[in-house]
Amino acid sequence: MRPSTICILLAVAVLLLHHHLLPGVEASVEKACRDAANSSPNINYDFCVAELLPYPGSGSADQKSLTVIAATLAKDKTTSASAKVKSLLARTSDPKTKQGLESCGSVYEDLFSDLNTSIPAIKEGRLVDAKTYLSAAVDAPDTCEDGFKELKVPSPLTKEDSDLTQMCTIALAFTNMLG
């Protein structure tokens, strides 16, 4: 064989091995999301991939790091939802809607605290603690939505609460996958 043929064959072999052994960004995130979706009917695989894939470092992240990323994304979504509550409170005159928003603001404060506490617990391998805080986080957005239902007013936070529930559920499923 000529040296150029050997080089081409070697390059093809390396590419094939790289593709199968180191599948890249999508494979790591996709596998974690697929495993999470298979473990829970409440996890939307497409949402999981769409949220995690663009996050810096997700392509080279191991399962533990992806778990931290998921909890961090949930925390970021909580911050955004809290900002929306403040904005809506400033321009809402309906007393029942204000009451619902104030209640959600309080729920989001607790949610932020739970997520903030879960992240170091994941990093330090204190998975029982992380699962406790993430389990509470999963239920928080429903508490917000239930408040509006009880007040018989439409929730202006339905999308935020749905996304928060999804992100917290993904973080909890990833934590469960760690052990």
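This is a predicted model: local features need pLDDT of at least 70, side-chain atom pairs count only at pLDDT 80 or more; totals for chains, interfaces and linings use all residues.
Residues are numbered from 1 along each chain as its sequence is written, and side-chain values use heavy atoms, with hydrogens and water left out.

The protein has seven helices and zero strands, where helices (H or I, at least four residues) and strands (E, at least two) are DSSP runs numbered from the N terminus. From the N terminus on, the order of elements is α-α-α-α-α-α-α. Of the 179 residues in the protein, 41% are buried; buried means under 20% relative accessible area, exposed over 50%, and partly exposed in between, with a 1.4 Å probe and protein chains only. Contact means heavy atoms within 4.5 Å. Among contacts with a separation of 6 or more, 68% come from residues 24 or more positions apart.

Two packed helices are described by the angle between their axes and the distance between the axes. Helix H3 (residues 45-52) and helix H4 (residues 63-91) pack at about 90 degrees, their axes lying 11 Å apart. Here axes are lines fitted to C-alpha atoms, for helices over the stretch in contact, and angles run from 0 to 180 degrees between N-to-C directions. H3 and H4 are therefore roughly perpendicular to each other; angles under 35 degrees count as roughly parallel, over 145 as roughly antiparallel, 65 to 115 as roughly perpendicular and the rest as oblique. From H3, Phe47, Glu51 and Leu52 meet Leu66, Ile69, Ala70, Leu73 and Lys77 of H4. By class, this contact has six nonpolar, no polar and two charged residues. In that classification Ala, Val, Leu, Ile, Met, Phe, Trp, Tyr, Cys and Pro count as nonpolar, Asp, Glu, Lys and Arg as charged, and the others, Gly among them, as polar.

Leaving aside neighbours within four places in sequence, Asp163 is in contact with Phe47 and Lys77. At 14% relative accessibility, Asp163 counts as buried.

Helix H6 (residues 127-151) has 25 residues and reaches 37 Å from its first C-alpha to its last, close to the expected 36 Å, a span taken as 1.5 Å times one less than the number of residues. A kink of about 25 degrees lies at Ala140, shortly before the proline Pro141; the bend at a residue is the angle between axes fitted to the seven residues ending there and the seven starting there. The buried residues of H6 include Leu134, Val138, Ala140 and Pro141, and their cover includes helix H5 (95-123) and helix H7 (158-178).

Leu134 has a relative accessible area of 0%. Beyond its neighbours within four places in sequence, Leu134 is in contact with Leu115, Ser118, Ile122, Ala171, Leu172 and Thr175. Thr169 in H7 is buried at 12% relative accessibility, and its contacts outside four places in sequence are Ser40, Asn42, Ile43 and Val138.

Just after H6, Lys152 takes a positive phi of about 60 degrees. Lys152 lies in the loop between H6 and H7 and, at 72% relative accessibility, counts as exposed.
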